[in-house]
Amino acid sequence: MSRLTIAIAKGRLQEDSFELFKQVGINVSAEVLASRKLFIEDEDGQFGFIFVKPADVPVYVEHGVADAGICGSDVLMESAADVHQPLDLGFGRCTLVVAGKSDLVARRYDPLATARVATKYPRITAEYFQQRGVPVELIVLSGSVELAPVLGLSEHIVDLVQTGQTLRENGLVVIDKIAEISARLIVNRASYHLKRQDVSSLIERLRK
């Protein structure tokens, strides 16, 4: 078996990813996981793991630095990366939504006025409002998107929601749902053919 390199999104999906690997017999010691190393191996040396920011996972996989990766489907929608997506892993579930102050719910959007939208997802957001014929001014933020409507930076936000508690605590409500999001296994297209047996084995282990 040739070694497969897997890119793992740091943060909320990392722990669930390695719990899943453990369930299918791919073991990484607790000491190694607790280290600050950005490249590690499993105990059998069959898999290498690189830790990168979520948005970078499809980049590493598309360019063949990693044979496979685990990231949220929101990242895949935003990046439009040319990768194979064989498996919904079923964890990391949340919803990508349009949200704003409660008084916006009744009137939704004014198609004659430009909507100011704060988001980490400019591609998805632009496409969403374009399909509805609403001109949009995108304000791209890297964090605390919920703060934008509260301080008047934008009327709307497009962001991930899991429980909705952060929205409620900041006086915001969901206006529309864009997509249901979950963790996905992605595979480099060349690796899918050149390492077909090993990649197929990994897919089947995770699927079961």
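Let's start inside the fold: β1 and strand β3 (residues 47-52) run parallel and are joined by six bridges. Here, helices (H or I, at least four residues) and strands (E, at least two) are DSSP runs numbered from the N terminus, and two strands pair if DSSP finds at least two bridges between them. Before going on, keep in mind that this is a predicted model, where local features need pLDDT of at least 70 and side-chain atom pairs count only at pLDDT 80 or more, while totals for chains, interfaces and linings use all residues. Residues are numbered from 1 along each chain as its sequence is written, and side-chain values use heavy atoms, with hydrogens and water left out.

Back to β1. In β3, I50 stands opposite A7. Strand β1 also runs parallel to β4, with three bridges between them, and there A7 stands opposite G69. Strands of a sheet pair through backbone hydrogen bonds, either parallel or antiparallel. Is β1 enclosed or open? Six of the six residues of β1 (residues 4-9) are buried, so the strand is largely enclosed by the rest of the structure. "Buried" means under 20% relative accessible area, "exposed" means over 50%, and "partly exposed" is in between (1.4 Å probe, protein chains only). Both faces are covered: L4, I6 and I8 are buried on one side, and T5, A7 and A9 on the other.

Strand β4 (residues 68-72) and β11 run antiparallel and are joined by five bridges, with A68 opposite V187. Strand β5 (residues 84-88) also pairs with β11 in the antiparallel sense, over three bridges. Four of the five residues of β11 are buried, which leaves the strand mostly covered.

D88 has another partner, S182, and a polar contact of 2.9 Å joins their side chains. (A polar contact is a pair of N or O atoms within 3.5 Å; within protein, one must be able to donate a hydrogen and the other to accept it, and residues adjacent in sequence count only if both atoms are side-chain atoms.) S182 sits in the loop between β10 and β11 (183-187) and is buried, with a relative accessible area of 1%. Leaving out residues up to four places away in sequence, S182 touches C71, G72, S73, D88, F91, G92 and R93, where contact means heavy atoms within 4.5 Å.

By the same rule for charged pairs, the count comes to six salt bridges. One of them joins E41 and R3, whose closest N and O atoms are 2.2 Å apart. Another joins D67 and K195, with 3.2 Å between the closest N and O atoms. This second pair links distant parts of the chain, 128 residues apart. D67 is buried at 7% relative accessibility, whereas K195 is partly exposed at 24%.

Now for another sheet. Five strands form an open sheet in the order β8-β7-β9-β6-β10, with mixed pairing. The edge strands, β8 (136-140) and β10 (172-181), each pair on one side only. Within the sheet, β6 (residues 94-101) and β9 (residues 156-161) pair in the antiparallel sense over six bridges, and L96 stands opposite L160 in β9.

Helix α6 (residues 122-131) packs on this sheet, touching β6, β7 (115-119), β8, β9 and β10. Which residues of α6 are buried? They are I124, T125, Y128 and F129. These residues cover an arc of only 120 degrees around the axis, which puts them on the same side of α6; the arc is that of the directions from the helix axis to the C-beta atoms. An α-helix has 3.6 residues a turn, so residues three or four places apart point the same way. The face of α6 turned away from the buried side carries the exposed residues Q130 and Q131.

Notes:
Axes fitted to C-alpha atoms, helices over the stretch in contact; angles between N-to-C directions. Salt bridge = Lys/Arg side-chain N within 4 Å of Asp/Glu carboxyl O.
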